[in-house]
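Let's walk through this structure together, one question at a time. Have the sequence and the view open as you read.

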Protein chains: 2
Amino acid sequence: MGAQRIDGRQVAERVLEHVRAEVRALTARDVVPHLAVVLVGDDPASATYVRSKANKARAVGMRSTVVHLSAGVTTDELVRRVRALSDDADIDGLIVQLPLPPHVDEAAVIAAIDPAKDVDGFTPENAGRLFRGDLGGLLPCTPRGILALLQAYDLPLAGRHAVVVGRSNIVGKPAAQLFLAHHATVTVVHSRSGPVGRYTRQADILVAAVGKRHFITPDDIKPGAAVIDVGIHRTETGQLTGDVAPDVEQVAGWLTPVPGGVGPMTVAMLLDNTVRAARLRRGWHDVARTGV
Amino acid sequence: MGAQRIDGRQVAERVLEHVRAEVRALTARDVVPHLAVVLVGDDPASATYVRSKANKARAVGMRSTVVHLSAGVTTDELVRRVRALSDDADIDGLIVQLPLPPHVDEAAVIAAIDPAKDVDGFTPENAGRLFRGDLGGLLPCTPRGILALLQAYDLPLAGRHAVVVGRSNIVGKPAAQLFLAHHATVTVVHSRSGPVGRYTRQADILVAAVGKRHFITPDDIKPGAAVIDVGIHRTETGQLTGDVAPDVEQVAGWLTPVPGGVGPMTVAMLLDNTVRAARLRRGWHDVARTGV
């Protein structure tokens, strides 16, 4: 038996095909969508992510700009730079790669992003819209990607019990809100919850966004559940693995691999958000969507 | 046996004592906090609520103003009026009584409230802050009131399972976020969840914000749980009752009555938010709080 593998690369490729078509349509109207990425400091992982986002934007025909600032930048200076990019009429999408150095006030920096260009969906305005159940704003990329995977595999949320392990502002909490807006019953479990199995074993849909390698074991799974692994860890031998132990595959009904599950979806949704932002800020009506 | 009664009137009175002291301190600095309430149309229940809020504000020494607009007011006109009140330096707290007539774009009206005066905690900015786990903004009154009741009766949230029945933007969703910020494991159950007992029976803390009379029955309760009844319904004989059936009292460990439970807390927290707003918008530091 074993779980059906949820192929994030394949679904992401379908999203990117749509994005490429959108970019072509916008380019025909003399708008080449432009993504700006702010990178602070010299963390190698952050640099890799930023390079990958910029390259993928160019690969679908967009323009991309990376603004690289030194690790010593002050909150004031960073806010000033982010405001200037927000005000730059030539930029459609604007993200600040997280985490920021500890001396920087992350909330202040995020709040300086124009909500209309906030293609990570992290500003208070976009978070507030999602919280209200208004899906018309720019939505965070990883939760949108998870939703698109569930939809691609015909795994409905309405009336199902979705359990989200992890309460980050980037994944856990917005995923919970998005699932709730799609009529799931939602439980959020976290580091203060005690043993998580009593909650996760009830999940029809389980999202692991814990940041601990192989934290979710077969014992934590209801047989047949759809398991979405948001974690990404590098093993001693250099391989990538997730928050979900490999043998969960024996119990789950569906499972995302790491790599090749959620990761490709996150970047695809970032680019999709960028073409959306390019349209919406010009008052051009959004193309038909599946509610993702 | 029977559940311990959670006395909302008594706890609210303690909050109001604190508010009165704050109003005296502010008045000594020539600031008499001023609450403005916008009422649209002639719904008798809304009119009663608004009158009660304005009267209670005056009873603690504040000023209050009710702006009464006709049911036919357009969204544009209402937004204009709300903006003018937001810009009025003499006003510290500003709320718009809900629900608004169906032709009015409620989200647009709420977004017109200055977040610094948003003493209902409904603006996207304040909702976004709560969503991020930042409790430094203005928080919605009913969730804050529930939290204060739990704290007054030494019912901790950290590590407990809180189940919220109802996903409104006013009660259910912000209560879930507030509980999560206080380290509860949180489940949100709603009209699409199917039979709720399978979820509610796991609750250490159960919040019923369903809007259906006696929806929660003894079968839905884990023995010893703390049950918070947000519902308010008028019976045929004119009595007030809640979302929780009276015989839940036989199973629960703690229970809020209706009336005299959550209701008095909501108004007390509105007034507390108003003195908070009066301080914060002047850059005067907030007094020590219990994290409510």
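The questions below concern a predicted model, and they go from the chain contact to cavities, a pocket and some local details.

Q: Which three residues of chain B lose the most area to chain A?
A: Start with the contact itself, which takes 33 residues from chain B and 33 residues from chain A. The area buried between the two chains is about 3100 Å², and carbon and sulfur atoms give 51% of it. On the chain B side, 24% of what is buried comes from three residues together: Phe131(B), Arg132(B) and Leu180(B).

Q: How many salt bridges does the rule find across the interface of chain B and chain A?
A: Over all chains the count comes to 22 salt bridges. Across the interface of chain B and chain A, though, the number found is zero.

Q: Which element gives the largest share of the lining of the largest cavity?
A: The whole structure holds three cavities of 30 Å³ or more, and the largest has a volume of about 100 Å³. Its lining draws on both chains, with Leu180(A), Val188(A), Leu180(B) and Val188(B) among the residues. Helix 7 (172-181) and strand 6 (185-189) of each of chain A and chain B supply at least two residues. The largest share, four residues, comes from helix 7 of chain A.

Q: How many residues in the lining of the largest cavity are charged?
A: Sorted by class, this lining has eight nonpolar and two polar residues. Lys173(A) is among the lining residues, and the number of charged residues is one.

Q: Which residues of chain B line the second largest cavity?
A: This cavity has a volume of about 50 Å³, and its lining divides into six nonpolar, two polar and one charged residues. Chain A contributes residues including Phe122(A), Leu130(A) and Pro174(A). From chain B come Phe131(B) and Arg132(B).

Q: Between which domains of chain B does the second largest pocket lie?
A: About 1500 Å³ of space lies in this pocket. Of its 48 lining residues, those closest to the centre are Tyr49(B), Val230(B), Ile232(B), Gly263(B) and Thr266(B). Helix 1 (8-28), helix 2 (44-59), helix 6 (141-152), strand 9 (233-234) and helix 9 (262-280) of chain B each give two or more residues to the lining. Both domains of chain B give residues to the lining, so the pocket lies between domain 1 (29-117) and domain 2 (141-263).

Q: How far apart are the C-alpha centres of domain 1 and domain 2 of chain A?
A: Chain A is divided into domain 1 (29-117) and domain 2 (141-263). The distance between their C-alpha centres is 28 Å.

Q: How many residues apart are Asp272(A) and Arg144(A)?
A: The side chains of Asp272(A) and Arg144(A) meet in a salt bridge, 2.9 Å from N to O. Asp272(A) belongs to helix 9 and Arg144(A) to helix 6, so to speak, distant parts of chain A.

How values were computed: Residues numbered from 1 in each chain as written. Chains lettered and ligands numbered in written order. Predicted model: local features only at pLDDT ≥ 70, side-chain atom pairs only at ≥ 80, totals over all residues. Heavy atoms only, no water. 1 Å grid on protein atoms, 1.4 Å probe; cavity = no way out; pocket = protein on both sides within 12 Å on 5 of 7 lines; lining within 4 Å. Points joined across faces, edges and corners; volume = space filled by probe spheres on them. Domains from an automatic or database assignment. Contact = heavy atoms within 4.5 Å. Buried area = accessible area lost by both parts, 1.4 Å probe. Salt bridge = Lys/Arg side-chain N within 4 Å of Asp/Glu carboxyl O. Nonpolar A, V, L, I, M, F, W, Y, C, P; charged D, E, K, R; others polar.
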